[in-house]
Amino acid sequence: MSIFRRTFIYRLKSSLTSARGLISIVIALFLAIVPFIGINAPSAAIPIGWIDEDNSQYSQTLLERVEAIEILSIDEEHEEEKLVAKLQTGQLDGVMKVPAGFEEKLRSGEYEDTLIMMISPYSTAFEIVSESVSRKAMELWVASYTASLAGEIAGREAYDTVMQKTLANNSQPILVLQQLSGNTDVPVDETAPLEEAAYKSLYLLCAFACFYMLAGLVGTDDKSFEQRLLSRSVRIEKYRLALTSADALLLLPCVLPALAGFAAAGRPELIAPYAVLFALYLSAFGGVASLLSKINSRTTLMLTITLIAIINLFLGSMLLDLPAAGFISKASYILPSRWVASEGTLGVWWSMLGIFGCAVFYNTLPFIFRRKKGRVY
């Protein structure tokens with residue numbers, strides 16, 4: 001344990017005083033902060049206009065539900081010309097138009113071209129507006145489709161019952177939409193740009209940490225320190241574990257921007273879980289790095305590192321959403337990044353348990369596949 005502690009301290013000191021360590025910290029913090037630069041996180045409600053050409057119960061219900069979204073405010077003006085004028089001068093971020101036939105289309109199961117949005121040339125929040133309003137419209141469409149199915153199965157009475165619940169603003173949703181794969185689980189009631197940026201920050205940091213811990217370990221040239229350990233009975237696996245533990249501790253504070261983003265987005269309950277998940281993620285890749293250090297060929301080693309980094313990023317669901325089922329989806333859970341990206345769908349405890357299993361598995365492998373010569377050389 002004494003050698004482990006000395007190696008750990010040596011690695012940490014050298015990382016904090018070397019160009020590699022300092023530059024790595026700067027890069028990690030930069031990547032963690034980038035998603036928050038220029039983010040559309042308005043401190044006041046986003047002003048939009050509303051044009052109702054349908055004048056139906058459905059369009060009125062949609063307006064009431066959009067008005068309940070805290071991040072949006074509806075302009076009291078109703079004349080289209082005046083709203084367009086405000087839009088062109090930047091007084092409004094967008095104007096939603098509910099065309100004639102809106103209710104008829106939703107009742108019949110159609111959803112294409114049911115809403116029109118006019119965007120201001122000065123707007124930077126049009127994605128927030130369109131996402132928020134379209135999700136409310138989708139709720140009505142899903143409920144209408146559900147009512148139609150109920151009518152086909154149980155008759156007119158069932159249809160009327162479901163439709164009444166659909167148009168009742170104080171009722172619970174008939175159907176809850178939840179995405180079962182990937183990391184794009186967006187709340188229905190509102191879009192949270194700060195929360196999305198926090199996720200992006202975390203995923204960028206995870207991608208960088210993967211490459212840093214793998215390439216950083218094999219690129220070390222601390223031969224003088226290793227020579228001092230030759231006279232001691234030190235397993236190279238313990239030595240490598242000490243090095244990667246120091247690397248993990250060096251990168252751990254870089255997750256603070258992402259955690260601060262969760263707090264600013266009103267999701268403080270995510271801070272502790274993701275801090276733990278990131279720490280376990282670093283621990284898992286410490287084991288992977290220790291295992292890869294057994295490869296003697298530098299060319300083979302760098303190719304392997306590149307391949308692992310790419311697979312971890314793409315099949316880990318941090319960049320692309322994977323199917324909820326299938327062989328690829330199931331096999332991807334061997335990757336630490338897959339568990340980090342699955343907290344919103346699997347639940348925090350399952351994600352913690354899964355990535356803890358990854359950390360134990362990858363840190364055990366180097367001790368299973370030991371070199372014949374167990375000393376540092």
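Helices here are DSSP runs of H or I with at least four residues, strands are runs of E with at least two, and both are numbered from the N terminus.

Before going on, a word on what we are looking at. This is a predicted model, in which local features need pLDDT of at least 70 and side-chain atom pairs count only at pLDDT 80 or more, while totals for chains, interfaces and linings use all residues. Residues are numbered from 1 along each chain as its sequence is written, and side-chain values use heavy atoms, with hydrogens and water left out.

Back to α13. Which of its residues are buried? They are Leu301, Ile305, Ala309 and Asn312. By buried I mean under 20% relative accessible area, with exposed being over 50% and partly exposed in between, using a 1.4 Å probe and protein chains only. Looking down the axis of α13, the buried residues fall within an arc of 70°, so they line one face of the helix. The arc is taken over the directions from the helix axis to the C-beta atoms. On the face turned away from that buried side, α13 carries the exposed residues Thr299, Leu303 and Leu307.

Now please find helix α2, residues 19-33. Gly21, Ser24, Ile25, Ala28 and Ala32 are the buried residues of α2. Down the helix axis they fall within an arc of 100°, so these residues too line one face of α2. Facing away from the buried side are the exposed residues Ala19, Val26 and Phe30. Ile27 also belongs to α2, and at 36% relative accessibility Ile27 counts as partly exposed. The C-alpha atom of Ile27 is 9.6 Å from that of Cys254, although the two residues are 227 apart along the chain.

On to the interior. In soluble globular proteins, nonpolar side chains tend to be buried together. A nonpolar core here is a set of buried Ala, Val, Leu, Ile, Met, Phe, Trp, Tyr and Cys residues joined through side-chain atoms within 4.5 Å. The largest has 48 residues, and Leu202, Leu251, Tyr274 and Tyr281 touch the most other members. Several helices supply at least two residues each, among them α2, α10 (236-251), α13 (298-314) and α17 (348-368). Which helix gives the largest share of this core? That is α8, with 12 residues. A second, separate core of 21 residues includes Ile46, Ile48, Leu106 and Ala137.

Let me zoom in on Tyr281. Leaving out residues up to four places away in sequence, Tyr281 touches Cys206, Ala207, Ala209, Cys210, Asn312, Pro336, Ser337, Val340 and Ile355, where contact means heavy atoms within 4.5 Å. Ser337 sits in helix α15 and, at 0% relative accessibility, counts as buried. With the sequence neighbours up to four places away set aside, Ser337 touches Tyr281, Asn312, Gly316 and Met318.

Next, the aromatic rings. A pair of aromatic rings is described by the distance of the centres and the angle of the planes. Rings of Phe, Tyr and Trp (its six-membered ring) pair if their centres lie within 6.5 Å; planes under 30 degrees apart count as stacked, over 60 as edge-to-face and the rest as tilted. By this rule there are eight aromatic pairs. In one of them, Tyr199 and Phe262 have ring centres 5.1 Å apart and planes at 75°, so the pair is edge-to-face. Tyr199 is in helix α8 and Phe262 in helix α11, 63 residues apart, and the pair links these distant parts of the chain. Both Tyr199 and Phe262 are buried. Phe262 also pairs with Tyr274, this time stacked, at 5.2 Å centre to centre and 15° between the planes. Tyr274 lies in helix α12, so that pair ties together parts 12 residues apart in sequence. Tyr274 is itself buried, with a relative accessible area of 1%. Ring pairs link Tyr199, Tyr203, Phe262 and Tyr274 into a cluster.
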